[in-house]
Amino acid sequence: MEETTLVLLIQIMAVIILAAILLQTAILFIASLKRQIKSNEIFEMEWSLLQNKITQQVLEANYIQQQKQNIWLGFRKFSIQKKQFELESGVCSFYLVPHDGKPIPAFNPGQHLFFRVSIPGLKKPLLRCYSISSSPFIKEFYRISIKRSLSPIDKPMLPKGIVSNYFFDKLQEGDIVDVRAPS
């Protein structure tokens, strides 16, 4: 009887060990499955982020390409569509539209336009740049706002601003100016 009890005890221990092994295997399998699911979730998130980044870069490249399509080299003729004196500030705003009727490129805040101004009596044209003061969301015209440059009160013998005064005094609506692309 002792021998059967011993065999029975060994069999019970074998079943317990086998059950423990099976339980450990099941726990490892479930943990591996959870890791795989988590890994798939991370992969899906990374894939989605990558797709979003690619989409963003394509949109940015398209935007830059559109801007480059309208950018011109050298000087381009613009008409003064409107000349508006700002009240008591010594500033005048000029609304410029392309003389050729073609679209104008977008610009970023802080950019300026470079002008080539031929003033009667001067041998060479003068070059000046003025900040664009219109909204970057307006696509029909550029606006520049120029402050009249006068001689200092304490030094009236110094010359006043030639180009700013030319814009104020000589240029009118409908006149043509030479302009470089926004920079």
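The model is predicted, so local features need pLDDT of at least 70 and side-chain atom pairs count only at pLDDT 80 or more, while totals for chains, interfaces and linings use all residues. Residues are numbered from 1 along each chain as its sequence is written, and side-chain values use heavy atoms, with hydrogens and water left out.

**The nonpolar core**

- A nonpolar core is a set of buried Ala, Val, Leu, Ile, Met, Phe, Trp, Tyr and Cys residues joined through side-chain atoms within 4.5 Å. "Buried" means under 20% relative accessible area, "exposed" means over 50%, and "partly exposed" is in between (1.4 Å probe, protein chains only).
- The largest core here has 26 residues, and Leu-96, Phe-115, Ile-144 and Phe-167 touch the most other members.
- Elements giving two or more residues to this core include β1 (76-86), β2 (91-98) and α2 (162-169), and α2 provides the largest share, with 4 residues. Helices (H or I, at least four residues) and strands (E, at least two) are DSSP runs, numbered from the N terminus.

- Phe-167 is buried, at a relative accessible area of 0%. Leaving aside neighbours within four places in sequence, Phe-167 is in contact (heavy atoms within 4.5 Å) with Lys-83, Phe-94, Phe-115, Val-117, Tyr-130, Ile-144 and Ile-146.
- Asn-165 also sits in helix α2 and is buried, with a relative accessible area of 5%. Not counting residues up to four places away in sequence, Asn-165 touches Arg-148, Ser-149, Leu-150, Lys-160 and Lys-170.

**Rings and charges**

- Rings of Phe, Tyr and Trp (its six-membered ring) pair if their centres lie within 6.5 Å; planes under 30 degrees apart are stacked, over 60 edge-to-face, and the rest tilted. That rule gives 10 aromatic pairs.
- One of them is Phe-115 with Phe-167, edge-to-face at 5.5 Å centre to centre and 85 degrees between the planes. Phe-115 is in strand β3 and Phe-167 in helix α2, so this pair ties together parts 52 residues apart in sequence.
- Trp-72, Phe-78, Phe-107 and Tyr-142 are linked into a cluster by ring pairs.
- A charge sits over a ring if NZ of Lys or CZ of Arg is within 6 Å of the ring centre and within 35 degrees of the ring normal. Lys-82 does this over Tyr-95, 5.1 Å from the ring centre, and Arg-180 over Phe-114, at 4.9 Å.

- In β2, 8 of its 8 residues are buried. Val-91, Ser-93, Tyr-95 and Val-97 point one way, while Cys-92, Phe-94, Leu-96 and Pro-98 point the other way.
- In general, side chains in a regular strand alternate between the two faces of the sheet.
- Two strands pair if DSSP finds at least two bridges between them. β2 pairs antiparallel with β1 over 8 bridges and with β5 over 6 bridges.
- Gln-84 has Ser-93 in β2 as its bridge partner, and Tyr-95 stands opposite Arg-143 in β5.
- The hairpin of β1 and β2 has 4 residues between the strands, and Glu-88 there takes a positive phi near 50 degrees.

**The cysteines**

- With a disulfide defined as a pair of cysteine sulfur atoms within 2.5 Å, the count comes to 0.
- For Cys-92, the nearest cysteine sulfur is that of Cys-129, 18 Å away.
- Cys-92 is buried at 0% relative accessible area, whereas Cys-129 is partly exposed at 40%.
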